[in-house]
Amino acid sequence: MKSIWDLVRGVADDIPLSVASDADQERALSNLMECCSDNCSAVVYNTEKEIVGALLAERDLLDLALANKETINVRLTAAATGHRDAAFTLLFGALISRGAPIYISLPTGEGQALAPILGSVGFSSLPGDGTAELYKWEPPVEAKAAA
């Protein structure tokens, strides 16, 4: 947890995520802990065994309960400068391999250049409210039919 938290704090301005006050940090840590308890989250290590990328996600429990289908909501993505393209490609590749629809909201001011990476791995942009861009990935039709 500490290594993920150190990474998130180090790139908080790029995410953007406020960690200025104790309350902001408590909210961010609570989200981090919730996502780490779900098996949708993942990290990427460099050759020195340091965490350089993290994708924090969770299953949508309402979809699971009402429709008996898995839908994944990405809550936070963070990667160290210099590792972003490779880390995000690995992290989203692993999540996509689950074959479940994935949603991610990129807040205005997101500075990790995540939108082009999402486009390159098959995410499509959905209409947003102006404060964030919403992206969705869905499994191909033939994968849905096989399931």
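## Overall dimensions

A residue is called buried when its relative accessible area is under 20%, exposed when it is over 50%, and partly exposed in between (1.4 Å probe, protein chains only). Of the 147 residues of the chain, 37% count as buried. The model is predicted, so local features need pLDDT of at least 70 and side-chain atom pairs count only at pLDDT 80 or more, while totals for chains, interfaces and linings use all residues. Residues are numbered from 1 along each chain as its sequence is written, and side-chain values use heavy atoms, with hydrogens and water left out.

The radius of gyration, taken over C-alpha atoms, is 15 Å, which agrees with the value near 15 Å for a compact globule of 147 residues; the globule rule is 2.2 Å times the number of residues to the power 0.38. Along the principal axes, the C-alpha atoms fill a box of roughly 45 × 35 × 30 Å.

## Secondary structure and contacts

The chain has six helices and six strands, in the order α-α-β-β-α-β-α-β-α-β-β-α. These are DSSP runs numbered from the N terminus: helices are H or I with at least four residues, strands E with at least two.

A contact means heavy atoms within 4.5 Å. Among contacts between residues at least 6 apart in sequence, 57% join residues at least 24 apart.

## Nonpolar core

A nonpolar core is a set of buried Ala, Val, Leu, Ile, Met, Phe, Trp, Tyr and Cys residues joined through side-chain atoms within 4.5 Å. The largest one has 41 residues, of which F92, I104 and F123 touch the most other members. Elements that each supply at least two residues of this core include α1 (2-10), α2 (22-36), β3 (72-79) and β4 (102-107).

## The F92–F123 pair

Rings of Phe, Tyr and Trp (its six-membered ring) pair if their centres lie within 6.5 Å; planes under 30 degrees apart are stacked, over 60 edge-to-face and the rest tilted. The ring centres of F92 and F123 are 5.5 Å apart and their planes stand at 80 degrees, so the pair is edge-to-face. Because F92 lies in α4 (residues 84-96) and F123 in the loop between α5 (114-120) and β5 (124-126), the pair ties together parts that are 31 residues apart in sequence.

Both residues are buried. Not counting residues up to four places away in sequence, F123 touches several others besides F92, including I96, L118 and W137.
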